[in-house]
Amino acid sequence: MATAAVLERETYLNASYGLKSWLLTKDHKRIAILYFITISIFFAIGGTFAGLIRLELLTPQADLVSSETYNKLFTMHGVIMVFFFLIPSIPATLGNFFLPIMIGARDLAFPRINLLSWYLLILGGVLAIYAMVAGGVDTGWTFYTPYSTSYANTYVIATALGIFVAGFSSILTGLNFVVTVHRMRAPGMTWFRMPLFVWAHYATSLIQILGTPVLAVTLVLILCERTLHIGIFDPALGGDPILFQHMFWFYSHPAVYIMVLPGMGVISEIVSTYSRKPVYGYAFVAFSSLAIAVVGFLVWGHHLYVSGQSLYAGLVFSFLSYFVAIPSAVKVFNWTATLYKGSISYDTPMLYAFGFIGLFTVGGLTGLFVASLGLDVHVTDTYFVIAHFHYVMVGGTIMAYLGGVHYWWPKMTGRMYPEHFARLSAVVVFIGFNLTFFPQFILGYQGMPRRYHVYPPEYQVLHVLSTAGATVLAVGYIMPLIYLIWSLKYGPVAGKNPWGATGLEWSIPSPPPTHNFDRIPVVMHEAYDYSAVPREVEVG
Amino acid sequence: MDSQIQQSHVHPSDLHQGEAHHLETLALREQFDTEAQQKDASTLGMWVFLITEVMFFGGMFLGYTLYRSNYADTWALASRSLNLPIGATNTCVLLFSSFTMAMAVRAGQLGKKKAVILFLILTMLFGLAFLGIKGYEWTQKFEEHHVPALANFHLEGTQLQGQAKLFFSFYFAMTGLHALHMVVGVGIVLFIIFQTMRNKYSPKYYTPIDIAGLYWHFVDVVWIFLFPLFYLIDRHP
Amino acid sequence: MLAVSIFFTVLIFGAVFYFAIKYRRRSDDELPGGGHTGLALEVVWSVIPFGLTMIMFGWGASIFFKESVPPDDAMNIYVVGKQWMWKLQHQEGQREINELHIPINRPIRLTMTSEDVIHSFYVPDFRTKQDVVPGRYTTTWFTATKPGKYHLFCAEYCGTKHSGMIGWVYAMRPEDYQEWLAGSPTGSMADRGARLFDDLACANCHHADGSGRCPTLVGLFGSTVRLAGGGAVKADEAYIRESILNPPAKIVAGYQPLMPTFQGLVTEEGVVELIEYIKSLNAKPGLEQTGQPAVPGAGAGSQPGNQ
């Protein structure tokens, strides 16, 4: 139960009241909370679509929805999950909340631009939801031409506009983070003393800044072609449909690193804290984030191996795609080495981190399959690819996100969540996830194409398995929603540093005051210096 | 790598949330420790933003380059139909505007309020002149039936109307996008003029004039690329 | 590949599991202390995976290359994809919809295009997949080795009935295939192409002896054509298709841009029939090649026709 002492202290939550104080806030922590709520709503919407998809796929025939509707379901699932959930997820919530604190700053460099970013996500989301409610869009989240520009008779324009606007949200967040890391580190906080979470977000921000504008211009060209019927991508009008694919994937491949790098940053923090050891190979992990960001821009053509792209382009892209796998592997090895001779506890965030390491490894290894020119011919555009990217996006990023939410929950809210329920749901998520997506590797390898509403009966068994798993996974996601909200009122009060972690965020009260630090700290320790952490663990 | 290694002891009571106007000024907002830090951050922020703009325009430049090389002859023909004197005039207008903008920034550095306002007004006038001339050029294209979206599109001298249409699509899209950025730029300059009139700036704090200048110069540079690409290549076959 | 993946999966899962148990926290104030980073270890576990991935790359790339170059004696099948069906034509003239009958142990080369949006021709059992793109030809090839009935799927989302754009490939023993071929005499594709050639009045300009205002088409297929304004191109399927649908794009050296476009007057299936007809002109006995002089070198590879 809350004590009187906690109620009196000023925190960012009680510093002012009223809707206006939240909707016009400049506090990065409040903006993070706004984002939390927003992306949770988008996740629920995208997840509902996923549920409907899996239900329909229980049987080979069409019994739940028509083909038109099914095509809209998977399109909208992809659009919402990629652009309105995964891309903002960790950076806009945990990044916004903790990046300034971790480097000893009072806020981001441009707080009002931070708020603008949130409004842009809302506006983009409104446009996308309008498209869905008005009738939906059925082009696939990849909008391949000429279907999307000249054939689809669904709400392509509204959706593309929504994504366009949301893209600027992403760009401005990246801009804010880059300037903040360069210019607002506290005295003594050198680049190589920063937590790896910050390095990960810095690399992510580089991608957001350089890649998203290309998506923006590609969407603009789609809009022009669809409204004015000029032939940029439509061969019937003189255009090149493969040019669209190049431009689209030039952003959308680096985009997956926008989605996964912040998750890796979270994992670095969690693995270190719950092993009570510095991350092994700090510099290597830091540089690998940058390497992934840079090389990630050079591999987009691996989405075009069977598109009609030239052979030699395929060679180059395949080679580089293998190259980009190495820094990710290096991170996994370094995290594993961090565990060696550590002092490991099995708190919920650590369970999510274990899940991440395992599932990201599987997802990454299957990436090697699809990077192979010869193999990809067989598995591209099948459920194998779907399984691959869900392993890294959901088994990876979402596990990291949940792990991070639990890890920093006491800091953000001043409350602890119920540990037993939390551990249980981490296990439920892990099991449900594997049940859902592992069968899809087999489905794809056996030839089941993706985006299929109806399918030949021999694939049914695996689909049923997958849907069963999805039910378990859904339960696993709903549980934290319930107990986390419950903990806001009934959870035990948390102290400054319940985990005995390093990092500036654990030196300030839980929840933090609006201005983060009473005194801007002067940093004198290296990152992950556990000898500097006070020994007692405060739990209210 | 460290920007400012300064101790900043800020007493909690100085940071009363929301009402810290006595501490927060335009030149030193709450989140910064020193005015120099804020200036550095603002400037870096504008440079990073301009880099995103390079990537944004870059996508279209890429498309332009590809089609230019694939449809060389038709595109050369189409580009010759553009009004070179108007394009050249516009180029000069923009160059002058960048000059007056640079003078405005310099005046801001020296705290010469009247000079700042004068040069900013000139910059704005040049910008509006550019937009007006471009508008006139577009109406000419309309009269010559070179607007791809309209049914009466026709470029003399070639059978490959599809390729010609594509040229003009890129022409309108890229110069249109550029013009949109000019409009925003004019709006920004107008805002800076008002702020200057209200004495918001000084030699200690003229960062907004500086970064508005950066933005303006960038938009100018984009035109410096657009002009030769659209108007000058293969002018004389 | 599976072996490598399983190895690393087991390695990581195993290591994490083992460390998590062996080094579990035993008391609240346990402090293991920092680990110094071993450069050697970092290098080792970067270089070895890199080597492994390079092997995977090489292996996959060589398979891919083999798949891109069909043998010269491959049997040609033409595929036209459209929402939401596959239309296939054998050289001998058989037309099929959503089905493809082929003999085993014979390389089959598919030349494909789409009438509308991007599709993808996917036969899982043959490990074959290739996007089918409007406005150009894409090709792939395979050799079936076992008689049987194999799934054919469209593997690029193409609209409402994408999952209905499926069919079967029937691989048959050569004798059975001959029997099937004989079953429906419709005249070969080249025959149909010849009729189209007449119907569309191509012969008015394209005289066999090259005496018209347009180049002769005898001996054209496979030759190198010199273009007005310099440059040369190989007269493959893509070149011929482009020449029919978008003649001004490439003008033969020494000729005027007189040919009108036949876009809208001939379907994609008609185009491939015309191509087969033009190919057949190479084999016409007694006709000498006249018209264009032999072209020196300059092997600019054929570019897929962009309109």
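A:Ile207 is buried, with 25 other C-beta atoms within 10 Å. Here buried means 20 or more other C-beta atoms within 10 Å of the residue's own, with C-beta atoms placed from the backbone. The model is predicted: local features need pLDDT of at least 70, side-chain atom pairs count only at pLDDT 80 or more, and totals for chains, interfaces and linings use all residues. Residues are numbered from 1 along each chain as its sequence is written, and chains are lettered from A and ligands numbered from 1 in the order in which they are written.

A:Ile207 sits in helix α9 (residues 196-228) of chain A. Helices are DSSP runs of H or I, at least four residues, and strands are runs of E, at least two, numbered from the N terminus. Beyond four places in sequence, A:Ile207 contacts A:Pro254, A:Tyr257, A:Ile258, A:Ala293 and A:Gly296. Contact requires C-beta atoms, placed from the backbone, within 7 Å. A:Leu290 is 83 residues from A:Ile207 in sequence, and their C-alpha atoms are 9.7 Å apart.

The largest nonpolar core holds 319 residues. Such a core is a set of buried Ala, Val, Leu, Ile, Met, Phe, Trp, Tyr and Cys residues joined through C-beta atoms within 7 Å. A:Ile103 and C:Val79 touch the most other members. Residues touched by C:Val79, beyond four places in sequence, include C:Trp86, C:Leu110 and C:Phe121.

Chain C and chain A also meet in a contact of 67 residues from chain C and 71 residues from chain A. On the chain C side, α2(C) gives the most, with 17 residues.

Terms used
Contact = placed C-beta atoms within 7 Å. Buried ≥ 20, exposed ≤ 12 C-beta atoms within 10 Å, placed from the backbone.
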